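This report looks at how the parts of one chain meet each other and how that chain meets its neighbours. Please keep the sequence and the structure in view while reading.

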There are 4 protein chains.
Amino acid sequence: MTNKRKIINDPVYGFLSLPDDFIYDLVCHPWFQRLRNIKQLGLSGYVYPGAVHTRFQHSLGSMYLTSKAIETLRNKGVYITSDEEEAALIAILLHDIGHGPYSHALENTIVSDIPHEKMSLMMMHELNKEFGGRLSFAIAVFEGSYHRKFLSELISGQMDMDRMDYLRRDSFFTGVIEGEVGSDRLIHMLNVYDNKLVVDEKGIYSVEKFLIARRLMYWQVYNHRTVLSAEHLLIALLERARKLVSAGRYLFASPSLDFFMRQAYVDATDREIVDAFTALDESDILSAAKVWKMSDDFILSDLSRRFVNRDLLAIELQNEPFDNNRVSELKVMARDLLNLTDDDAASYVFTGEVYNQTYAPGKVDVRILLKNGEVKDITSVSDIFDHKALSERVTKFFLCYPKECRNK
Amino acid sequence: MTNKRKIINDPVYGFLSLPDDFIYDLVCHPWFQRLRNIKQLGLSGYVYPGAVHTRFQHSLGSMYLTSKAIETLRNKGVYITSDEEEAALIAILLHDIGHGPYSHALENTIVSDIPHEKMSLMMMHELNKEFGGRLSFAIAVFEGSYHRKFLSELISGQMDMDRMDYLRRDSFFTGVIEGEVGSDRLIHMLNVYDNKLVVDEKGIYSVEKFLIARRLMYWQVYNHRTVLSAEHLLIALLERARKLVSAGRYLFASPSLDFFMRQAYVDATDREIVDAFTALDESDILSAAKVWKMSDDFILSDLSRRFVNRDLLAIELQNEPFDNNRVSELKVMARDLLNLTDDDAASYVFTGEVYNQTYAPGKVDVRILLKNGEVKDITSVSDIFDHKALSERVTKFFLCYPKECRNK
Amino acid sequence: MTNKRKIINDPVYGFLSLPDDFIYDLVCHPWFQRLRNIKQLGLSGYVYPGAVHTRFQHSLGSMYLTSKAIETLRNKGVYITSDEEEAALIAILLHDIGHGPYSHALENTIVSDIPHEKMSLMMMHELNKEFGGRLSFAIAVFEGSYHRKFLSELISGQMDMDRMDYLRRDSFFTGVIEGEVGSDRLIHMLNVYDNKLVVDEKGIYSVEKFLIARRLMYWQVYNHRTVLSAEHLLIALLERARKLVSAGRYLFASPSLDFFMRQAYVDATDREIVDAFTALDESDILSAAKVWKMSDDFILSDLSRRFVNRDLLAIELQNEPFDNNRVSELKVMARDLLNLTDDDAASYVFTGEVYNQTYAPGKVDVRILLKNGEVKDITSVSDIFDHKALSERVTKFFLCYPKECRNK
Amino acid sequence: MTNKRKIINDPVYGFLSLPDDFIYDLVCHPWFQRLRNIKQLGLSGYVYPGAVHTRFQHSLGSMYLTSKAIETLRNKGVYITSDEEEAALIAILLHDIGHGPYSHALENTIVSDIPHEKMSLMMMHELNKEFGGRLSFAIAVFEGSYHRKFLSELISGQMDMDRMDYLRRDSFFTGVIEGEVGSDRLIHMLNVYDNKLVVDEKGIYSVEKFLIARRLMYWQVYNHRTVLSAEHLLIALLERARKLVSAGRYLFASPSLDFFMRQAYVDATDREIVDAFTALDESDILSAAKVWKMSDDFILSDLSRRFVNRDLLAIELQNEPFDNNRVSELKVMARDLLNLTDDDAASYVFTGEVYNQTYAPGKVDVRILLKNGEVKDITSVSDIFDHKALSERVTKFFLCYPKECRNK
């Protein structure tokens with residue numbers, strides 16, 4: 001008989017152990033194993049070569065932190081049943097199960113209308129059928145419908161175990177040490193009040209630090225301009241491929257990639273979609289792009305070459321929208337330089353925006369449990385964070401164009 | 001002949017090498033070696049057992065970071081002569097030379113009126129005599145009188161190499177990892193504009209992170225309430241000892257400690273003060289306190305016992321001043337409990353305040369060099385930091401009293 | 001104009017900077033960028049989820065350590081020209097350029113007869129043509145034909161910068177911290193004697209530690225039994241695919257994978273081989289295996305499923321060869337269980353051997369420079385290492401079979 | 001009421017929590033608090049500036065590892081009662097309680113005949129009286145008289161939690177990263193067989209690595225020649241002081257230091273010895289030595305100056321004894337140089353020896369539990385370690401003399 005109490009080596013936390021046999025079975029499931037082929041940070045590896053860690057690791061790490069949080073809460077006298085514990089652990093283990101390769105790029109092109117949260121839920125329901133209803137409780141926690149809200153807040157909130165793990169892990173693998181958060185300390189500060197997750201008063205500085213670290217990672221890693229450039233190059237490439245396929249051209253592609261390029265999912269059942277989706281990972285995109293480099297469609301071949309060889313478009317990032325005239329001029333320049341039609345120049349010269357909100361009040365707040373027993377929102381007890389500044393949505397604008405236009 | 005190009009193992013940065021023979025001689029000087037016996041964080045070891053690192057390490061570490069900063073600036077085209085480099089390295093190496101044991105406590109009692117900055121300068125001048133004027137340039141950089149201000153700003157400013165090292169080092173030895181600052185990245189972002197130190201625009205998030213980390217260390221480590229309690233116990237203890245000595249009582253003490261207890265420095269020459277001061281370190285205080293435990297003066301003996309055995313006073317920390325009535329009641333309680341006079345109860349029950357300012361504008365600002373060539377203050381370009389909130393002086397109030405009063 | 005003095009963030013060493021413009025151009029070359037898609041440890045990620053780091057990082061890291069080693073040697077008075085430095089840096093940068101995906105598995109099947117060392121050299125020669133002879137010096141250093149042997153020994157020897165980096169890096173990403181080597185200290189101990197690389201006497205313990213760490217990584221990571229099982233499953237899978245292709249069956253595959261499956265390289269020119277080879281990476285194998293899962297050839301489909309889903313064969317590892325009878329019985333069992341022919345059972349039940357030699361004398365020895373000026377081999381000065389024990393080739397035997405046979 | 005479930009921040013392991021109220025009381029005991037003033041590595045800080053960590057931290061860290069080991073053993077089915085657990089935790093917590101300042105130097109001079117193991121036991125018995133017999137069980141485990149030997153072996157053996165912690169901790173604080181041992185992995189490999197501690201077969205490489213790391217730390221840190229030189233300077237200094245005191249001279253000293261200098265313990269009761277001993281720490285030695293610098297006894301004053309200012313004697317370390325003639329010549333030289341008598345020259349020029357044994361069989365062996373159920377000694381299953389080489393006692397010889405003699 002297989003020993004299912006496996007211990008897994010994690011460079012971030014050391015040894016992680018799988019808590020029970022059912023969770024072992026979930027980890028072995030092909031859909032979970034597939035996360036080994038989905039990078040946590042997609043194209044950020046183009047900027048931070050170490051950042052090739054996977055959603056597989058992240059999912060296990062988040063589960064580990066959740067078990068630590070539950071241990072802390074129990075030590076503080078919060079009663080949590082072993083069923084509740086397992087439900088929370090499964091919910092966090094599977095919270096990213098619906099992530100595809102290069103999620104951002106794909107959700108904007110060939111897998112539009114199926115955000116990964118929706119896909120995760122769809123897959124959990126399929127797994128629930130397969131395992132005879134054993135995931136029902138976990139799904140309730142995942143959806144936030146279970147009455148003890150703090151369990152759901154551990155999975156998804158302003159300071160959930162998902163964020164806690166990804167900030168530490170992304171910091172570790174990128175080498176951007178400023179993004180490191182003291183997950184140990186933060187978890188030790190957690191508490192429950194009125195069925196909601198709160199942070200003990202002495203944790204205020206750690207919370208501030210957490211929010212700032214997250215903000216820093218946003219601009220320094222997740223929305224690093226080179227990452228944005230790579231992502232939007234991939235979007236342009238997939239758009240082009242889809243357009244050619246729609247026009248009846250044959251393109252080399254694995255069946256699963258082909259399914260999504262043809263948008264076959266529009267008329268498919270949930271199960272068909274899930275089957276196609278779970279067969280798709282980064283290898284399909286990369287393997288196809290390498291073949292497309294040889295295409296006789298210049299744009300497909302050129303964008304593929306740029307993507308595969310990391311010969312990215314130039315990008316500028318600023319706080320104000322770009323001047324329309326400048327964009328038009330660049331389009332003309334690119335059109336002439338690369339012999340494009342006016343329409344096709346839009347694959348090479350385009351603008352867009354990204355935004356970030358350090359703290360999004362309203363959804364799930366960070367509540368501080370004061371020594372006097374009161375509970376207040378972090379923005380009203382931190383003496384440094386202006387509620388307005390913190391919760392403001394910061395938008396930045398970018399402009400991409402071929403590097404060749406720069407030297408003109 | 002002695003090889004003076006020593007390599008020193010530092011747990012924080014790895015290998016540090018001493019840059020030249022003269023600096024080697026300074027490091028070997030008894031006054032610098034004395035820093036081995038002065039803990040960087042004084043009594044913080046009472047809360048963080050690992051935090052027993054010394055000013056010796058910190059001084060070497062700050063010098064290392066300064067040499068890295070100079071290397072970065074040179075790579076960016078800032079011309080720095082080797083004399084300027086040596087002056088800056090010596091200035092930072094010696095910036096803490098005037099620190100005594102438990103600086104905060106001593107400067108408030110037996111070594112009042114001689115703040116460590118003044119003592120450092122006094123000692124540098126003595127060293128300058130000893131080494132025939134070779135420290136004159138370094139002293140100019142230390143005092144800020146040299147015209148290339150950025151050199152002085154590396155030694156002392158809002159984001160100098162002193163702070164950079166102590167935040168990383170204190171974070172390392174306390175285990176409070178949230179205090180860690182990305183010194184590598186911050187140093188890579190440094191630049192010089194108009195003879196002043198500036199930070200390249202893309203370093204904004206790192207600066208924000210640095211300020212928040214420093215703030216967190218303030219409240220979590222430097223002004224941790226247990227540390228405050230220990231420090232003020234030591235102040236009360238030294239006050240009591242001085243009072244007894246003034247009254248003609250003999251107390252066991254090393255000659256140097258005796259010199260300061262008798263406030264003999266009031267009429268002494270600089271050289272006499274420096275000689276007595278450099279003979280003083282933590283061992284004199286601790287060794288004496290252990291003997292004083294046996295004193296027949298109850299207060300001296302009791303405070304010594306509490307200090308040596310880490311049986312500290314209870315402490316409360318809050319944002320508002322304490323109610324006078326409560327303080328009076330506690331004094332009465334302590335007086336009765338310990339059989340004290342009304343006057344002496346003040347050694348056991350007292351209040352005080354501590355403050356911190358995350359960013360102190362005016363002195364030396366953090367200037368950001370924008371991509372468009374402009375230089376602006378961090379508070380005007382950060383979209384999260386309200387100038388007012390950042391630069392506000394946060395005051396907290398504390399109240400100490402014997403733990404025995406708590407259970408009444 | 002592009003700034004080619006890029007700084008790269010590495011989680012292992014911090015910031016790495018590219019030393020000159022030509023090296024920047026090599027790093028940007030598609031053949032070097034391709035290393036982003038080749039994992040350093042191939043299938044070890046199946047055991048150590050963090051170990052998905054790439055040959056791209058490792059190549060940059062090895063170059064960094066080489067530059068540190070050259071800096072150390074220069075500080076010790078070894079004269080090294082800047083041309084020699086660049087040659088050494090290029091040689092180490094490109095030392096792994098000829099690695100394909102899952103090298104061990106492929107070199108045993110579809111890319112047999114072209115070991116990666118040979119391919120690396122082939123590619124360097126092609127690059128040399130492309131860059132007009134600028135790599136000639138580097139190639140001489142790589143091949144060991146340059147008269148200052150220590151430069152070549154930094155690239156390839158018992159304690160070269162390649163090993164130094166991979167041990168530290170593999171230790172970092174697997175989380176097997178015992179494999180960590182003190183590369184800083186070891187590099188500081190390097191010296192040159194009679195044009196050969198030597199280690200200063202005080203480095204003996206570090207050398208011993210290095211050899212033991214390497215040995216530990218061999219058995220704990222590189223030849224971990226689960227890794228061996230995965231690798232041999234992949235070999236069986238590729239064998240099956242090649243057999244079907246030889247028999248005229250169509251199998252989904254990228255053109256490059258197809259080229260090697262058909263063994264087209266036998267009659268190809270160097271350039272053709274290199275072109276096909278550089279188009280091949282892990283994505284082609286994985287993407288194909290996912291499609292092959294649907295094949296109507298049971299063995300191809302079953303092995304693909306096992307490989308993709310990490311449903312590996314059971315494996316046993318021992319110091320003696322396995323009993324033939326047991327192997328035969330297992331084959332019969334597997335044949336009956338999976339409905340195979342006798343011949344095909346060999347894809348499921350097989351034995352093999354792996355070996356390791358902690359120290360391979362003769363090739364390039366680890367020479368210790370004693371304080372008295374003599375140079376001796378490490379095995380004759382270490383008081384713990386028996387020359388015989390150290391240099392002995394340790395062989396272990398493994399046996400693989402379907403897990404289903406275990407429970408019978 | 002005081003909350004006794006304290007959490008302590010440790011830079012090596014993160015958060016440590018005190019397991020129960022009684023252990024909290026022991027930690028608060030003045031004798032345990034005193035360990036804050038005893039450095040783990042004594043004078044090694046003279047070579048490794050970061051190595052100023054204390055026996056206080058080490059004792060807590062060893063207790064933490066012991067609790068982890070017990071958790072692992074329980075998970076493997078070894079039944080351990082909570083009384084047994086507490087006994088083991090107390091035994092390890094107090095294993096170093098009898099360490100004085102600069103143990104090695106003091107045990108060779110003013111505290112001879114009372115090795116720290118004996119003192120630890122004496123103090124445990126005193127504590128046992130104080131706490132009404134609650135330490136009896138712990139003392140049995142400490143002495144090895146409890147029948148479940150594995151508990152005692154966790155405290156004291158070839159691979160006990162004491163060594164495990166000090167290797168990791170000393171490696172951390174010195175920055176000698178090669179000394180790091182994978183305590184997590186080693187602990188996970190522990191098991192119990194026939195009431196004895198064993199290591200699972202797959203831990204063989206980790207054990208080898210542990211032994212080599214320990215050996216490296218011995219020569220690189222614990223017996224580093226500069227550390228030896230400092231230690232023997234201190235011995236010479238204390239000898240001189242004792243000699244003067246015996247001759248009736250008054251020397252500044254705290255009462256406790258005075259007690260030992262006068263060897264008053266010869267006629268004292270255990271309690272008197274313990275009381276004097278627990279009042280002694282490094283501050284007494286350092287504080288006195290600073291005063292002795294001013295002594296009119298040249299030798300006392302000169303040795304004190306050298307000790308305080310780290311102006312150490314030159315030292316040579318080699319594998320063979322030193323030539324007698326050379327030693328005699330150096331003595332003459334030192335005598336003339338410093339105006340000493342022939343006798344007194346022996347305080348400045350002397351030889352000695354140190355030794356280390358990587359593995360000391362016989363005492364408590366490292367037993368490996370093979371997969372086939374057999375238990376064998378590590379030396380018979382490791383294919384690299386020759387039993388003879390491993391267990392050989394390696395002796396080195398040193399020679400100290402004033403640096404001034406070197407340049408003659």
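## Chain A and chain D

Five residues of chain A and five residues of chain D make up the contact between these two chains, where two residues count as in contact if their C-beta atoms, placed from the backbone, lie within 7 Å. On the side of chain A that touches chain D, the elements giving two or more residues are β2 (14-17) and α10 (183-188) of chain A; helices (H or I, at least four residues) and strands (E, at least two) are DSSP runs, numbered from the N terminus. By class, this side of chain A has two nonpolar, two polar and one charged residues, with Ala, Val, Leu, Ile, Met, Phe, Trp, Tyr, Cys and Pro counted as nonpolar, Asp, Glu, Lys and Arg as charged, and the others, Gly among them, as polar.

## Model and numbering

This is a predicted model, in which local features need pLDDT of at least 70 and side-chain atom pairs count only at pLDDT 80 or more, while totals for chains, interfaces and linings use all residues. Residues are numbered from 1 along each chain as its sequence is written, and chains are lettered from A and ligands numbered from 1 in the order in which they are written.

## The axis between the copies

Two copies of a chain are related by a rotation about an axis and a shift along it.

## Chain A and chain C

The contact between chain A and chain C takes 36 residues from chain A and 36 residues from chain C. At least two residues of the side of chain A that touches chain C come from each of β1 (7-10), α2 (30-33), α3 (55-75), α9 (161-174) and α15 (282-292) of chain A, and α15(A) gives the most, with seven residues.

## Domains of chain A

The domain assignment of chain A, whose bounds come from an automatic or database assignment, gives domain 1 (7-94 + 135-223) and domain 2 (313-373 + 393-408). The C-alpha centres of these two domains of chain A lie 30 Å apart.
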